[in-house]
Amino acid sequence: MKIAIVCYPTFGGSGVVATELGLALSKRGHEVHFITYKQPVRLEQISSHIRFHEVNVHEYPLFHYQPYELALSSKLVNVVRHYGIEVLHVHYAIPHAYAGYMAKKMLEEYGIRLPMVTTLHGTDITLVGNHPFYKPAVSFSINNSDFVTSVSENLKKDTLRFFNIRKEIEVIPNFIDISKYEQIGFTDCQRDIMADEDEKIITHVSNFRKVKRIDDVIHIFFNIQKKIKARLMMVGEGPEKEAAEELVEELNISDRVLFLGQSHEIDKILCFSDLFLLPSETESFGLAALEAMINKVPVISTNSGGLPEVNIHGVSGYLRDVGDIESMSKDAISILENEEKLKLFKKQAREVAAKFDIHKIVPLYEALYEKALEKA
Ligand code: GMT
């Protein structure tokens, strides 16, 4: 099939899911065209089955806001016509589903019927999409997609709760390529350059937005390091980073906390981590937790959103109510202070993550594309 994927080219979340899906589809013989404003971060492999089309927005002094949706929908029309794209898959409703719908309509003028699959990722529904500024446009574009998927049962429930949706929503969870992690020497795991042998390594990876509750990450670590010799790796960039650095100084733990910035080597960092902290206000899925678990890192998270579908309480880690720093700290310490327990949780984390193997998930998307093609 010839598939166009529209996504954000970002370091985490929906951008990573879309890119990994596209790469997997290309390995299965499909021709995949990525359409976005910058080359997606994980799109490093060169292949004759992959193309990247950059959306450029023309700057003009009249525009207070540059019309990205217009540029994206025009680009879609051009790429679809030029390359004979058969299916469009948009990741993240805003504004991709909206621009996709406009492209569909424009293409009808050329006698082309382009089926569109929309995947909802979380913040497009829970944080941004249900704001009155966007809500009518988001409902409209979901209802006018040919097929709609969500990355967790919880996100499906939220979508039906927040919007008046007439479309069936199929849950297709996020995934991980297990075979990559089984290759010998996949990561060159140099734990000794990060910490002493008797120190535990705690990690947090995110976009440092308010929803991630970065303060909670630091307070949990503060409690841990009172009992256990440990270091905290803070990976990522975002609006809350500066406040986090200040808090670390205030708590006088600067020598224990490392802010690593955005990294292309998440697996290398996770391979020497002992515990992962994700105390988010909400997560539709929590891809960062899954990436930790496949690297045998147990997860201490909240029980909000789709997290309980990924992190299993008492098996791959522990889950607590949002803001319950005390319980999360106790859980973390209980795993870290007992080598046998840590070993067991590491093993179990990997086993739980294995349920989300890409080889089980990609055929679900392929089946959906087939259905979409039949409908076209
Ligand atoms: O984590 C983020 O805030 C980024 C965001 C995104 O839209 O890229 O992530 C969302 O989509 C991911 C991929 O499906 C999910 O794993 C994240 O849980 C979800 N984030 C939230 O719901 C806050």
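What follows is a working chat about this predicted model, going from its domains to its ligand shell, a sheet and some single residues.

User: Which domains does the protein chain have?

Analyst: This is a predicted model, and the domain assignment of its protein chain gives domain 1, made of 2-175 + 357-375, and domain 2, covering 179-356. Taken over C-alpha atoms, the centres of domain 1 and domain 2 are separated by 30 Å.

User: And how many residues of each are in contact?

Analyst: On one side there are 19 residues of domain 1, and these are in contact with 15 residues of domain 2. The side of domain 1 that touches domain 2 takes two or more residues from each of α1 and α6, the latter being residues 153-162. By class, that side of domain 1 has 9 nonpolar, 8 polar and 2 charged residues.

User: Where does the ligand come in, and which residues come nearest?

Analyst: There are 21 residues around the ligand, and those that come nearest are Gly-13, Ser-14, Gly-122, Phe-285 and Leu-287. The shell draws at least three residues from each of domain 1 and domain 2.

User: Which helix gives the most to that shell?

Analyst: Helix α1, residues 13-27, gives the most, with 4 residues. By class, the shell around the ligand has 6 nonpolar, 13 polar and 2 charged residues.

User: Changing topic, what is the strand order in the open sheet?

Analyst: The open sheet has 6 strands in the order β10-β9-β8-β11-β12-β13, and the pairing is parallel. Strands β10 (257-261) and β13 (317-320) stand at the edges with a single partner strand each, so one side of each is left without a neighbour in the sheet. On average, neighbouring strands of this sheet are turned by 20° against each other, with direction ignored.

User: How many bridges are there between β9 and β10?

Analyst: Strand β9, residues 230-235, pairs with β10 over 4 bridges in the parallel sense, and Met-234 stands opposite Phe-259 in β10.

User: Which helix packs on the sheet?

Analyst: Helix α12, residues 325-336, packs on the sheet and touches β8 (200-205), β11 (275-278), β12 (299-302) and β13, while its direction makes about 170° with that of β13.

User: What about the backbone, where is the cis peptide bond?

Analyst: A cis peptide bond joins Ile-94 and Pro-95, with omega about -15°, and Pro-95 has its place in helix α3, residues 93-108. As background, most peptide bonds are trans, and most residues other than glycine have a negative phi.

User: What is phi of Arg-213 then, and is the residue buried or exposed?

Analyst: Phi of Arg-213 is near 50°, a positive value in a residue other than glycine, and the residue has its place in the loop between β8 and α8 (214-227). Arg-213 counts as buried because it has 23 C-beta neighbours inside 10 Å, where the cut-off is 20 or more.

User: And what is phi of Lys-296?

Analyst: Phi of Lys-296 is near 65°, a positive value in a residue other than glycine. Lys-296 is placed in the loop between α11 (287-294) and β12, and this residue is buried, with 21 other C-beta atoms within 10 Å.

User: Last one, where is Leu-251 found?

Analyst: Leu-251 is found in the loop between α9 (241-250) and β10, and it counts as partly exposed, with 15 C-beta neighbours inside 10 Å. Leaving aside neighbours within four places in sequence, Leu-251 is in contact with Ile-218 and Phe-222. The C-alpha atoms of Leu-251 and Ser-14 are separated by 34 Å, and these residues are 237 residues apart along the chain.

Methods: Residues are numbered from 1 along each chain as its sequence is written. This is a predicted model: local features need pLDDT of at least 70, side-chain atom pairs count only at pLDDT 80 or more; totals for chains, interfaces and linings use all residues. Two strands pair if DSSP finds at least two bridges between them. Axes are lines fitted to C-alpha atoms, for helices over the stretch in contact, and angles run from 0 to 180 degrees between N-to-C directions. Two residues are in contact if their C-beta atoms, placed from the backbone, lie within 7 Å. A residue is near a molecule or strand if its C-beta atom, placed from the backbone, lies within 6 Å of it. Ala, Val, Leu, Ile, Met, Phe, Trp, Tyr, Cys and Pro count as nonpolar, Asp, Glu, Lys and Arg as charged, and the others, Gly among them, as polar. Domain bounds come from an automatic or database domain assignment. A residue is buried if 20 or more other C-beta atoms lie within 10 Å of its own, exposed if 12 or fewer, and partly exposed in between; C-beta atoms are placed from the backbone.
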